Amino acid sequence: MSAGLNLFLVVSAALFAVGAFAVVARRSAITMLIGTQFMFAAGAIAFVAFGRFGRGAAAVDAGPTVALVVSLTAAAQLAIGAAMAVLLYRDNRTFFLDSDGE
Amino acid sequence: MLLIGALLQPITSAPLVLFTYLVLALLLVTALTSALVRNTLWAIGSFASSMAALALLYLAIAPFLLFAVQLVIYSTVSAGLLIGLLRQTTGLERPPISPISRQWITGAAVAAALAALLVFVVAATSWPVGLLGNAGPALGEVLTRTYVVGLAVLVVILASAALGSGLLLAAPTLPSPRGGGSVRGSGPRR
């Protein structure tokens with residue numbers, strides 16, 4: 001049994017799918033915000049896996065560096081998204097993005 | 001020395017493979033839980049757990065700095081930010097079911113078993129030198145030498161985000177015909 005590039009790419013794709021599901025299917029702003037974070041994390045996992053196992057290993061620091069940039073950009077997006085969610089709540093008294101809720 | 005275009009070998013050390021599979025399973029389960037549950041507080045808790053699992057994954061296959069950033073900064077700050085968001089708006093909701101219901105007991109048992117297995121594997125593993133934090137020179141050194149422009153851009157992005165979110169929250173909101181808008185969120189409200 002081994003853990004190679006394919007395993008991490010499959011998990012990355014699955015995590016991206018979970019995030020996309022949360023963004024598309026849910027109507028709560030917080031859940032959608034969390035979904036975007038999962039999509040960012042999926043990209044970061046793919047970069048790290050390519051840096052560790054794939055041909056990107058020729059420049060061994062490139063993958064983790066991009067993952068670091070992705071993580072911190074996701075944190076910035078989360079800060080802005082949280083502020084927008086607070087504004088949404090102040091206006092509508094709910095986090096749901098449509099009037100029917102979920 | 002790495003050859004250009006050469007593929008590194010996959011992880012074959014049995015405890016490390018088991019650890020990797022376990023962390024990946026934990027990551028996916030907590031992410032799915034976070035997307036599916038309707039209680040916001042639970043969703044945030046699952047999200048923080050999945051980010052912690054991601055940090056553990058980085059511990060196995062990435063430089064230590066990435067693990068530290070993921071665990072200390074990203075997981076903690078993001079969970080704190082979301083919980084602060086809840087406190088500013090709806091307040092921390094109570095779970096809809098009792099903590100001693102059958103669902104809680106089953107979930108807690110499964111989580112405890114997984115955590116115990118994870119602790120056992122981590123404790124029993126003789127971590128091979130060169131697999132843990134194996135990405136060559138220190139990432140911090142690479143960041144400050146090779147990717148210094150990217151680091152500067154990142155600092156600008158983070159500062160802009162902090163400034164932008166602060167301005168968004170400080171901006172006066174107009175009264176809304178639906179009843180909200182003029183009240184500042186200074187404490188838990190229902």
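Reply: Start with a definition. A residue is buried if 20 or more other C-beta atoms lie within 10 Å of its own. The model is predicted. By that cut-off, 51% of the 102 residues of chain A count as buried.

Me: What makes up the secondary structure of chain A?

Reply: Three helices and zero strands. From the N terminus on, the order is α-α-α.

Me: Why is α1(A) called roughly antiparallel to α2(A)?

Reply: Look at the angle. α1(A) and α2(A) pack at about 165°. Angles over 145 degrees count as roughly antiparallel. So α1(A) is roughly antiparallel to α2(A). Their axes lie 7 Å apart, and the crossing is left-handed.

Me: Which classes of residue form the contact of α1(A) with α2(A)?

Reply: That contact has 20 nonpolar residues, five polar and no charged.

Me: How do you know that chain A touches chain B, and how many residues take part?

Reply: Two residues are in contact if their C-beta atoms lie within 7 Å. The contact between the chains takes 54 residues from chain A and 62 residues from chain B.

Me: Which elements of chain A give two or more residues to that side?

Reply: They are α1 (5-25), α2 (29-53) and α3 (62-92) of chain A. The largest share, 23 residues, comes from α3(A).

Me: What classes of residue are found on the side of chain A that touches chain B?

Reply: There are 34 nonpolar, 12 polar and eight charged residues.

Technical notes:
Residues are numbered from 1 along each chain as its sequence is written. Chains are lettered from A and ligands numbered from 1 in the order in which they are written. This is a predicted model: local features need pLDDT of at least 70, side-chain atom pairs count only at pLDDT 80 or more; totals for chains, interfaces and linings use all residues. Helices (H or I, at least four residues) and strands (E, at least two) are DSSP runs, numbered from the N terminus. A residue is buried if 20 or more other C-beta atoms lie within 10 Å of its own, exposed if 12 or fewer, and partly exposed in between; C-beta atoms are placed from the backbone. Ala, Val, Leu, Ile, Met, Phe, Trp, Tyr, Cys and Pro count as nonpolar, Asp, Glu, Lys and Arg as charged, and the others, Gly among them, as polar. Axes are lines fitted to C-alpha atoms, for helices over the stretch in contact, and angles run from 0 to 180 degrees between N-to-C directions. Angles under 35 degrees count as roughly parallel, over 145 as roughly antiparallel, 65 to 115 as roughly perpendicular and the rest as oblique. A crossing is left-handed if the near helix is turned anticlockwise from the far one by less than a right angle, and right-handed if clockwise.
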